[in-house]
Amino acid sequence: MSSVQHLQHKREELQQQYDLLSEKIKRLRNDSAIEAGSLVAFQLNKEIERFEAERDRLANQIDNLESERIHIELFRLNYIKQVRLFREFIEQNRIGAFLVHGLPEHGQIFLLRRLLNAIPDGSVTPPIQFHLSRKAFRTDIKALWRELGRQIGVQDFSLSEIARNVMSQLKNQHVILVFHDMDCIEEDYLDELIREFWLPLVNSTQQTIYSSNEFFLLMFLVDQDGCVNSWNIAFADEFETLWQPCTPIRLPIIDRLSDQVLVNWMENAIDALPTKVTKKIDCTVQVILENSEGIPERVFAEIFGLCGYSWEQGEDRWLKL
């Protein structure tokens, strides 16, 4: 069963409970009117308050499910080139690094979540995350090794011991590394990160992980400012027979959204969107683009607003890995 179908079934169940409570409240109000001024009426009013509170809770749950359904549909908007390349990669390889990049507000975390969702059973293994905006990580590669060792439960923070533990974990689960805030470091630091961190890890594990193995060693470099693309780093734009896992793959840069991409998405998501949004799709798309300039995260916020929801209220939850 798909996520959308699951949400639809859940919504129907909650709606049935909501309708039953509404019917109970209606009957209790009638009974209360008959027993006006009596102790029974007081007790009935207390019952009404309790049921109304429960009904309000159900209404909030239904509302959250509706916004979640739209959110799921938004994950199908954009990033086609990036997801296609990544899915082709994981069908053939088990070790790889990827640059996820674009200008500010282009939905890099949305794309990253799409990629993580494409990994078989990827949701079972939470990624190990490094925020390079932290001063300790910006100035010392060894701090990355210590953090990796800490998160995988190694007492001895030596490179060899960490690598052995990573190899051991790869027998039973994925090892997924995410480096946020690449725009907070310098070009030389990224070069050093690849040489002193990723390369030794690849060299240590490459002989023990084969294409038949179901688990992955993956690294994602997330650039929120679009600056890394201009650096003199040896990226690969595609993987061929000569490609080696030590060379990060540069996924296509995230572009602004076009009217045709939005129209196609809205037509496919028509069952999840309110009719007021899909009644005149071409006009709605123009309004969205005028207000957002096609910048992905602003587009998402516009769509949520048109559907009657606040993007800001759920943004932290939706952008969390």
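Visitor: Which hand has the crossing of H6 and H8, left-handed or right-handed?

Guide: The crossing of H6 and H8 is right-handed. The term applies if the near helix is turned clockwise from the far one by less than a right angle, and left-handed if anticlockwise. The model is predicted, with local features needing pLDDT of at least 70 and side-chain atom pairs pLDDT 80 or more, while totals for chains, interfaces and linings use all residues. Residues are numbered from 1 along each chain as its sequence is written, and side-chain values use heavy atoms, without hydrogens and water.

Visitor: Which residues of H6 and H8 make the contact?

Guide: Contact means heavy atoms within 4.5 Å. Ile-141, Leu-144, Trp-145 and Leu-148 of H6 take part, with residues of H8 including Tyr-189, Glu-192 and Phe-197. By class, this contact of H6 with H8 has nine nonpolar, no polar and two charged residues. Ala, Val, Leu, Ile, Met, Phe, Trp, Tyr, Cys and Pro count as nonpolar, Asp, Glu, Lys and Arg as charged, and the others, Gly among them, as polar.

Visitor: What makes H6 oblique to H7?

Guide: Helix H6 (residues 141-152) and helix H7 (residues 159-169) pack at an angle of about 40 degrees, their axes 10 Å apart. That angle makes H6 oblique to H7. H6 passes H7 in a left-handed crossing. Trp-145, Leu-148, Gly-149 and Ile-152 in H6 meet residues in H7, among them Leu-159 and Ile-162. The contact of H6 with H7 has six nonpolar, three polar and no charged residues.

Visitor: Why are H9 and H11 called oblique to each other?

Guide: Helix H9 (residues 259-268) and helix H11 (residues 281-292) pack at about 130 degrees. H9 and H11 are therefore oblique to each other. H9 passes H11 in a right-handed crossing.

Visitor: How do you know that Arg-29 and Glu-52 meet in a salt bridge?

Guide: A salt bridge is a side-chain nitrogen of Lys or Arg within 4 Å of a carboxyl oxygen of Asp or Glu. For Arg-29 and Glu-52 the value is 2.2 Å, N to O, so the pair qualifies. Arg-29 lies in helix H1 (residues 3-34) and Glu-52 in helix H2 (residues 39-74), so the pair ties together parts that are 23 residues apart in sequence. By this rule the count comes to 13 salt bridges.

Visitor: What is the order of the five strands in the sheet?

Guide: The open sheet has the order S2-S3-S4-S1-S5, with parallel pairing. Strands S2 (128-131) and S5 (249-250) stand at the edges, each with a single partner strand, so one side of each is left without a neighbour in the sheet. Helices (H or I, at least four residues) and strands (E, at least two) are DSSP runs, numbered from the N terminus.

Visitor: How do you know that S1 and S4 are joined?

Guide: Two strands pair if DSSP finds at least two bridges between them. Seven bridges join strand S1 (residues 95-101) to strand S4 (residues 217-223), and Val-100 stands opposite Val-222 in S4.

Notes. Axes fitted to C-alpha atoms, helices over the stretch in contact; angles between N-to-C directions. Parallel < 35°, antiparallel > 145°, perpendicular 65-115°, else oblique.
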